[in-house]
Amino acid sequence: MGKVGILMGSDSDLSIMSKAAKMLENFGIEYEMKVISAHREPDIFVEYAKTAESRGIEVIIAGAGGAAHLPGMCAAIFPLPVIGVPIHTKSVGGVDSLYSIVQMPSGIPVATVAIDGAANAAILAAKMLSIGDAQLRQKLADYKEDLKEQVVAKDTKLGKVGYEAYLKQM
């Protein structure tokens, strides 16, 4: 199974990007996590992106806020899939990050998830890696079944106690 690189432009993004790490751990996927800046340390960033594949990285999840160049720069250098995670910003709520990541020029695609959607980025990375891994595909199927069971359990509880009592328990 391949490895995933989790990148963030600042340690202030760690609370969001750690959700990707946790999800990958749940699927048994190895990862490396780094704080790296395409703007403040371009030489280090370029070296990382150029050598990631040789270290076994098959997908990069890159979280970024504001101008959010990290995912796009990864996609420009790294030859395999890059998933961008727009990080919520104080100024415009992360919409700036979302637009920066999703509006890549033709030929440099970045798969993009919702603002602060690091867990979904990890699930998407797992799906990409599962193309050649039947065991991982089964883990993803089991995860999806568990989500379904959680909804059924909540509906059953709602039916038993009614909405007012249910809300009090939330």
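In what order do the elements of the protein run from the N terminus on? The order is β-α-β-α-β-α-β-α-β-α-α. The model described here is a predicted one. Its elements amount to six helices and five strands.

**Overall layout**

Taken along the principal axes, the C-alpha atoms of the protein fill a box of roughly 60 × 45 × 30 Å. Of the 170 residues, 38% are buried. Among contacts with a separation of 6 or more, 63% are between residues 24 or more positions apart.

**Helix H1**

Helix H1 comprises residues 14-27. Its 14 residues, at 1.5 Å a residue, should span 20 Å, and this agrees with its end C-alpha atoms, which are 20 Å apart. After H1 comes Gly28, which has a positive phi, near 75°.

Which residues of H1 are buried? They are Ile16, Met17, Ala20, Ala21, Met23, Leu24 and Phe27. These residues lie on the same side of H1, because they cover an arc of only 160° around the axis. The face turned away from this buried side carries Ser15, Lys22 and Asn26, which are exposed.

The buried residues of H1 are covered by several elements, including those in the table below.

| Element covering H1 | Residues |
|---|---|
| Strand E1 | 3-8 |
| Strand E2 | 31-35 |
| Strand E3 | 57-64 |
| Strand E4 | 82-86 |
| Helix H6 | 134-169 |

Helix H5 is also part of this cover.

**The crossing of H1 and H5**

Helix H5 consists of residues 118-129, and its axis comes within 7 Å of the axis of H1, with a crossing angle of roughly 35°. The crossing in which H1 passes H5 is right-handed. On the H1 side, the contact is made by Ile16, Met17, Lys19, Ala20, Met23, Leu24 and Phe27. On the H5 side, the residues are Ala118, Ala119, Ala122, Ile123 and Ala126. By class, this contact of H1 with H5 has 11 nonpolar residues, one charged residue and no polar residues.

**Lys168 in helix H6**

Lys168 is located in helix H6. Is Lys168 buried or exposed? Its relative accessibility is 74%, and a residue over 50% counts as exposed, so Lys168 is exposed. Lys168 and Met33 are 135 residues apart along the chain, and their C-alpha atoms are separated by 39 Å.

Conventions:
Residues are numbered from 1 along each chain as its sequence is written. This is a predicted model: local features need pLDDT of at least 70, side-chain atom pairs count only at pLDDT 80 or more; totals for chains, interfaces and linings use all residues. Side-chain values use heavy atoms; hydrogens and water are left out. Axes are lines fitted to C-alpha atoms, for helices over the stretch in contact, and angles run from 0 to 180 degrees between N-to-C directions. Helices (H or I, at least four residues) and strands (E, at least two) are DSSP runs, numbered from the N terminus. A crossing is left-handed if the near helix is turned anticlockwise from the far one by less than a right angle, and right-handed if clockwise. Contact means heavy atoms within 4.5 Å. Ala, Val, Leu, Ile, Met, Phe, Trp, Tyr, Cys and Pro count as nonpolar, Asp, Glu, Lys and Arg as charged, and the others, Gly among them, as polar. The expected span of a helix is 1.5 Å times one less than its number of residues. Buried means under 20% relative accessible area, exposed over 50%, partly exposed in between (1.4 Å probe, protein chains only). The arc is that of the directions from the helix axis to the C-beta atoms.
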